[in-house]
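Morning, everyone. Please put the model up on the screen, and I'll walk through its strands, its core and its rings.

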Amino acid sequence: MRIKFLMRLEQVKVSKAATKNQSIIWQVLAENNFEIEIIDFIDRFFEIETTKELDGILTIIDNETVYHSIFIKHNFNDPEFIDIVALGYINEKGGVLSTKPIYKCLEKLKEFSLIPSSKSGITFSKKTFSEFYK
């Protein structure tokens, strides 16, 4: 899994939140099929969560929801959050042989959430890292 600088946005406004000019968007990209599944799940998970808290959403680019990086950081800093997401993924799959790969991916996502500044955004991309270099 990798994180990629995507673009700069100018004056994006969503509900009550207004970001300053030149917000940076970071894109989390998968490097294998399992990471694609985890990124897809976490994106859907946040999509459901942000219906309650619209200020978590910065904007939408090419059908990908971009979340305020501070919103993602707060979620990943919650000690129970990774367990809740892992259990949701396991429940959706109907069980798994090992939880180790799930937690490994979620810990990597937690590390990525620490990189962007609080004035930037993060999107969980449906594209793989290799798609950008074809």
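Start at Ile57. Which residue in E6 is its bridge partner? Tyr67. A word on the source: this is a predicted model, where local features need pLDDT of at least 70, side-chain atom pairs count only at pLDDT 80 or more, and totals for chains, interfaces and linings use all residues. Residues are numbered from 1 along each chain as its sequence is written, and side-chain values use heavy atoms, with hydrogens and water left out.

Back to the strands. Helices (H or I, at least four residues) and strands (E, at least two) are DSSP runs, numbered from the N terminus. Strands pair if DSSP finds at least two bridges between them. E5 covers residues 57-61, and E6 covers residues 64-68. They pair in the antiparallel sense over 4 bridges. Their hairpin has 2 residues between the strands. There, Asp62 takes a positive phi near 50°.

E6 also pairs with E7, in the antiparallel sense, over 3 bridges. Look at His68: its bridge partner in E7 is Gly121.

Now, buried or exposed? Buried means under 20% relative accessible area, exposed over 50%, partly exposed in between, with a 1.4 Å probe and protein chains only. In E5, 4 of the 5 residues are buried, so this strand is largely enclosed by the rest of the structure. E7 is mostly covered too, with 6 of its 8 residues buried.

On to the core. A nonpolar core is a set of buried Ala, Val, Leu, Ile, Met, Phe, Trp, Tyr and Cys residues joined through side-chain atoms within 4.5 Å. The largest one has 26 residues. Those with the most contacts inside it are Ile42, Phe46, Leu106, Leu109 and Phe124. Elements that each supply at least two residues include strand E4 (23-30), helix H1 (33-49) and helix H4 (100-113).

Last, the rings. Rings of Phe, Tyr and Trp (its six-membered ring) pair if their centres lie within 6.5 Å; planes under 30 degrees apart count as stacked, over 60 as edge-to-face, the rest as tilted. How many aromatic pairs does the structure hold? There are 13. Take Phe45 and Phe46: centres 6.1 Å apart, planes at 75°, so the pair is edge-to-face. Phe46 and Phe76 have centres 6.4 Å apart and planes at 65°, so they are edge-to-face as well. That pair links distant parts of the chain: Phe46 in helix H1 and Phe76 in helix H2, 30 residues apart. Both Phe46 and Phe76 are buried. Ring pairs also build a cluster, with Phe34, Tyr67, Tyr89 and Phe124 among its members.
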